[in-house]
Amino acid sequence: MCATPVHVPVLLQEVLDSLPVPPGARILDLTLGLGGHAEALLARADAGSRYLGVDRDPEARALARERLGSDARLTILAGTYEDVWEDPAFQAWMALQAPEGLDAVLMDLGVSSLQLKSPARGFSFRDPGPLDMRMNPESGPTALDWIAAQDEGSLADAIYQYGEERASRPIARAILKALREGRLATTADLAEAVYTVLPKVVKGRRVPLDPATRTFQAIRIAVNGELEGLAPAIERAVRALRPGGRLGVISFHSLEDRIAKQTLRRLSGVYDGPGRHAPADLPKLVRLVHPGGLAPTDAECAANPPSRSARLRVAERVLT
Ligand SMILES: C[S@@+](CC[C@H](N)C(=O)[O-])C[C@H]1O[C@@H](n2cnc3c(N)ncnc32)[C@H](O)[C@@H]1O
């Protein structure tokens, strides 16, 4: 029998130390995943608390339900953190359970280990699978469909912008050549196309970071539209907090973290725009709890290496 997939929740202690769980807590988890953070937060919450978990991935929701489903305080909804706000079921939960606002919101961004490690989901270049990469396999184009809709320039731009890959142009050319020649069906095929430009072994030595890593990250971000909706979702989450309530955002790469940092700075009333004068209507909705963000301890990095790039930013809603 297969063991239930595991996703080790990152920065768990820091999340527990940062997010308030008062009696009768109202908590919104916009990236429920396999429910690791949810399980720990619910363990701190009393019987009168309520927890709403949202995820776009049906497989993750099913596993979270299996893990936590008997907990009557938990409601699980399908959706994305950018669009769930318009869902009548979400609006009804908010109106009924949190009319005064939320105590805590958590956004643990990116992909889960479940997604990354399941070859069938098509995220992994280590284990071949179909070129899919959708966090919600029931919606939107697969990675293969998305690549097939690009020209060399747009594919190179995405690989450069979302993967911060300097060899984006020759990589895009190699990928589209493989596609034209009927050699691009699996994640292994995509990785092979990248290796024709950036070999895995240089001067007899294996390069430390697999050269396909940045290209896979870029295509995954593009396929799932991971960055577009992030800033508006953070702002909506902040506005849904009660005064004293807190939002925690965990990011895994610099692109996400930059958006989280800039959005929270703006919502704290800091003006980073051009010119010396801030617009008069700049809101001051939050104070930044850990202005530089929190990184995992050495012990966490050693125990769970994927956590090493994580960063937690926390903002507290202020009275306005
Ligand atoms: C890092 S995992 C969360 C893990 C979770 N905190 C836990 O401890 O099990 C990120 C989850 O967010 C989901 N996700 C990513 N982008 C999303 C979005 N825009 N809206 C909703 N869920 C999203 C993914 O499907 C994935 O399950």
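Predicted model: local features only at pLDDT ≥ 70, side-chain atom pairs only at ≥ 80, totals over all residues.

Student: OK, which residues come nearest to the ligand?

Tutor: There are 24 residues around the ligand, and the nearest of these are His37, Asp55, Tyr81, Asp108 and Gln115.

Student: And how does that shell divide into nonpolar, polar and charged?

Tutor: The shell around the ligand is made up of eleven polar residues, eight nonpolar ones and five charged ones.

Student: What's 3.0 Å from a nitrogen atom of the ligand?

Tutor: That is an N or O atom in the side chain of Glu82.

Student: How much of the ligand's accessible area does the protein cover?

Tutor: On its own the ligand has 610 Å² of accessible area, and the protein covers 99% of this.

Student: Where does the ligand sit, then, in terms of cavities?

Tutor: The space that the ligand takes is the largest cavity, and the structure holds one cavity of 30 Å³ or more. The volume of the largest cavity is about 360 Å³, and of the 32 residues in its lining, Thr31, Asp55, Asp108, Leu109 and Gly110 are the closest to its centre.

Student: Which elements give two or more residues to that lining?

Tutor: Those elements are α2 (36-44) and β2 (50-55), with α2 providing the largest share, three residues. By class, the lining of the largest cavity has 13 polar, twelve nonpolar and seven charged residues.

Student: Switching to pockets: what volume does the largest one have?

Tutor: The largest pocket has a volume of about 1300 Å³. Its lining consists of 43 residues, of which Leu116, Arg126, Thr213, Pro306 and Arg308 are the closest to the centre.

Student: Which elements matter for the lining there, counting those with two or more residues?

Tutor: The elements that give two or more residues are α5 (113-117), α9 (187-195), α10 (213-224) and α12 (254-267), and α10 gives the most, with five residues.

Student: And by class, what does the lining of the largest pocket have?

Tutor: It has 19 nonpolar residues, together with twelve polar and twelve charged ones.

Student: What about the second largest pocket, how much space lies in it?

Tutor: The second largest pocket holds about 180 Å³ of space, and it is lined by 14 residues, with Arg56, Thr80, Asn136, Ser139 and Gly140 the closest to its centre. That lining divides into six polar, four nonpolar and four charged residues.

Notes. Residues numbered from 1 in each chain as written. Heavy atoms only, no water. Near = heavy atom within 4 Å. Polar contact = N/O pair within 3.5 Å; in protein donor to acceptor, adjacent residues only side chain to side chain. Areas by Shrake-Rupley, 256 points an atom, 1.4 Å probe, with all protein chains shown as cover. 1 Å grid on protein atoms, 1.4 Å probe; cavity = no way out; pocket = protein on both sides within 12 Å on 5 of 7 lines; lining within 4 Å. Sits in = over half its atoms within 2 Å of the grid points. Nonpolar A, V, L, I, M, F, W, Y, C, P; charged D, E, K, R; others polar. Points joined across faces, edges and corners; volume = space filled by probe spheres on them. Helix = DSSP H or I, 4+ residues; strand = E, 2+ residues; numbered from the N terminus.
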